[in-house]
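Dear colleague,

Please find below the structure that I am handing over to you, together with its sequence. My findings follow directly after it.

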2 protein chains.
Amino acid sequence: MPVLVMKFGGTSVATPDRIKRAAKRVGVEVAKGYDVIVIVSAMSGETNKLVGYVEETSPLFDAREYDAVVSSGENVTAGLMALTLQEMDIPARSWQGWQVPVMTTSAHSSARIEDIPPDNITARFAQGMRVAVVAGFQGISPEGRITTLGRGGSDTTAVAFAAAFGAERCDIYTDVDGVYTTDPRICDKARKLDRIAFEEMLELASLGAKVLQTRSVELAMRYNVKLRVLSSFEEQSDEAGTLVCDEEEIMESNVVSGVAYSRDEAKMTLLSVADRPGIASIIFGALSDAGVNVDMIVQNISEEGRTDMTFSLPTNQVARAERAMNDIRGKDLNFAELVTDDNVCKVSVVGIGMRSQSGVAAKMFKVLSDEGINIRVITTSEIKISVLIDRKYMELAVQALHDAFELEKAA
Amino acid sequence: MPVLVMKFGGTSVATPDRIKRAAKRVGVEVAKGYDVIVIVSAMSGETNKLVGYVEETSPLFDAREYDAVVSSGENVTAGLMALTLQEMDIPARSWQGWQVPVMTTSAHSSARIEDIPPDNITARFAQGMRVAVVAGFQGISPEGRITTLGRGGSDTTAVAFAAAFGAERCDIYTDVDGVYTTDPRICDKARKLDRIAFEEMLELASLGAKVLQTRSVELAMRYNVKLRVLSSFEEQSDEAGTLVCDEEEIMESNVVSGVAYSRDEAKMTLLSVADRPGIASIIFGALSDAGVNVDMIVQNISEEGRTDMTFSLPTNQVARAERAMNDIRGKDLNFAELVTDDNVCKVSVVGIGMRSQSGVAAKMFKVLSDEGINIRVITTSEIKISVLIDRKYMELAVQALHDAFELEKAA
């Protein structure tokens, strides 16, 4: 029988009643003839409670013990989900990560899945079991210790199972009903997308549309796992939610698929830096060592051997970045001045259609200009154009771009 | 290095602060040179919460899933205890049941430990680890599923580890400071015993002095594991608490070690039953099928082929027992009348000294008679004499017997 993977997040399994609702969704798919692998998160709040215990006990904790503690929340929901399905007369059992086994690296608290031998679960499906409920977020290291995949790791577990079992699809049930053209809270014309390409989803995920964990999308792209995001709080049809898939499966699409934003950005500029090889590596090496997540980088045209270096970073890392730059000033690095603007935001348009269509950047800049919005920094990739602008214009920019690219209309 | 097993119950690990206090006790033993195996329960309240989830989800639950869910509480405390010990610079790690492995039968939710191969933990001790923290109450079945040992199973886990590792002693830390000659709440002369024999402890445990789980005492007796009960809420010396041990290690002891009681007893009498072979098996088979826990049984002298059969049972099972007797009346069983007295209690004196000393029963009966207390039923074993009396005399009987056998004085 074809295999379907269904993943339920913490809010979807927060109480025995919600587990029952999720189990009913599973029952619908079983009735269609699927053998189903259900991946569950911990009840919402549980993992935070356990992390709190660990941090209270040991601020610099042994990650192996951290993993042993925080993985227990998923074991509870896996057992309860199996019991709920049994109550519905659906043959089901729970599996903890080590029982499958979900084999991971030894990088505790951020382990990567290396292999999921399907033999045990496949054998049980052959004997008539219809649902394997698997505790998400966890695995077992080569040393036989329990590992976890890091926050949001249950999405990755789900995609890895879909790849290992050649599943027809991997449905991610969450508390939103899909992926939108932009954030409905700041643009009331935002439209739910029926389909979106992996590459677009990756750009949107890393830009702050936290619907799916980035690693799970990367994995889905690599193994071409069809991923569907949908709500566990609504009645669902076969066409509900948003399908994240290979671009070849998207017949028609707008040039631009979505407008993303990131509110709390800062811009730093080092004025008059010596323009010589290796200078970028000194600056960004020092920032990386200081734990600063640099995003956009722009180097201005140099004059007489001097250049200006501009980069963006989260506002709460500004102090750290300034300290790192002043620490190397006069030693490895000379610059005239360090100018910080922590009052900017990032707005991006994303779309695989840009690859074949020119003029998107020009149109974006004109839209912003028409609204009187000054652009501070521009970066572009194959399928994305991002600008830094003053934070006060953020909502205006998002709405204007959404209108200009007609995102309220389907392709 | 010699091995010591230390077990901490739910109230002793109820919060990260209490875990810290327990860990300090472990540190004291490590400093003495012991390699320590710590067995932990779940934080108090956690197991009840998980059992509640299971019962809400599935009234007739699959015991395999029940075990997968309820065992998770111990995993949390095991990890937190290991982290706490590491913070004290004591090399420690946690082990879940399947990691050791604690091999059990497949009788889910009431499994029995079959074997604990010591190799893994012994190898780690040899490498310098000083404390192995093991999640109590759980194991793994031959099929690779998680099992639990039933309520109070962590005591049994502790004794089984002490036997498997040839531990010098098994210390059970709890919320009382030892075993008493009787309940201090009803007799202010009750004295803590320094030592008590396994057999006596078994009689006291089954009589309702719920300090230790009965199975753990049986196991300790079989493998001659020295068991010490002591409080985790007091500063402890080497001589603290009560040592439960082989009677040969008790040099001097009173003839009677303790007075036990059980408050909510009922007495039922079947009047004029045919006195023929097989009749007891019919009566007590029917009661057992009805889930009635019969305790004392007395058959009166028979006259003309008829006899009276009397037995005791918990008061909350009277209705069930009456229904069972009336169901077989006139079919498998004939009796004149069923008389119930649900206003009695059981008082017992226990002591291995009785074996070699006669007159204990006579003295007991005289004490009760002097107080004007009428005895309804008597049963005796090698080391115990129990009587059923009216419930209103319970405290009086316990205090009078405690005085008469001079239990306030050490031997």
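I begin with the relation between the two chains. A rotation of 180°, with 0.1 Å of shift along its axis, superposes chain A on chain B at an RMSD of 0.1 Å. The two copies are therefore related as by a two-fold rotation axis. Within chain A, A:Ser72 has the C-alpha nearest that axis, at 2.8 Å from it. Both copies use the same surface, since 100% of the contact residues of chain A recur in chain B. Please bear in mind that this is a predicted model.

The annotated site

The UniProt annotation "binding site", which comes from an unreviewed entry, covers A:Thr47 and A:Glu74. These residues span 28 residues in sequence, yet no two of their C-alpha atoms are more than 8.6 Å apart, so they gather at one spot.

A:Thr47 lies in helix 2 of chain A, which comprises residues 46-57. Its relative accessibility is 12%, and A:Thr47 therefore counts as buried, the cut-off being under 20%. Leaving aside residues up to four places away in sequence, A:Thr47 touches A:Ala42, A:Glu74 and A:Arg151.

A:Glu74 belongs to helix 4 of chain A, residues 72-87. With a relative accessibility of 3%, A:Glu74 also counts as buried. Its contacts, again without residues up to four places away in sequence, are A:Val40, A:Ser41, A:Ala42, A:Thr47, A:Ala135, A:Gly136, A:Phe137 and A:Gln138.

Helix 9 of chain A

Which residues of helix 9 (residues 279-289) of chain A are buried? They are A:Ile279, A:Ile283, A:Phe284, A:Ala286 and A:Leu287. Because these residues cover an arc of only 150° around the axis, they are placed on the same side of helix 9 of chain A. On the other side of this helix, A:Ser281 and A:Asp289 are exposed.

Just after helix 9 of chain A, A:Gly291 takes a positive phi of about 80°.

Yours sincerely

Notes: Residues numbered from 1 in each chain as written. Chains lettered and ligands numbered in written order. Predicted model: local features only at pLDDT ≥ 70, side-chain atom pairs only at ≥ 80, totals over all residues. Heavy atoms only, no water. Buried < 20%, exposed > 50% of the residue type's maximum accessible area, 1.4 Å probe, protein only. Helix = DSSP H or I, 4+ residues; strand = E, 2+ residues; numbered from the N terminus. Arc of directions from axis to C-beta. Least-squares fit on C-alpha atoms with pLDDT ≥ 70 in both. Contact = heavy atoms within 4.5 Å. UniProt positions renumbered as here; feature names shortened; annotations may be inferred.
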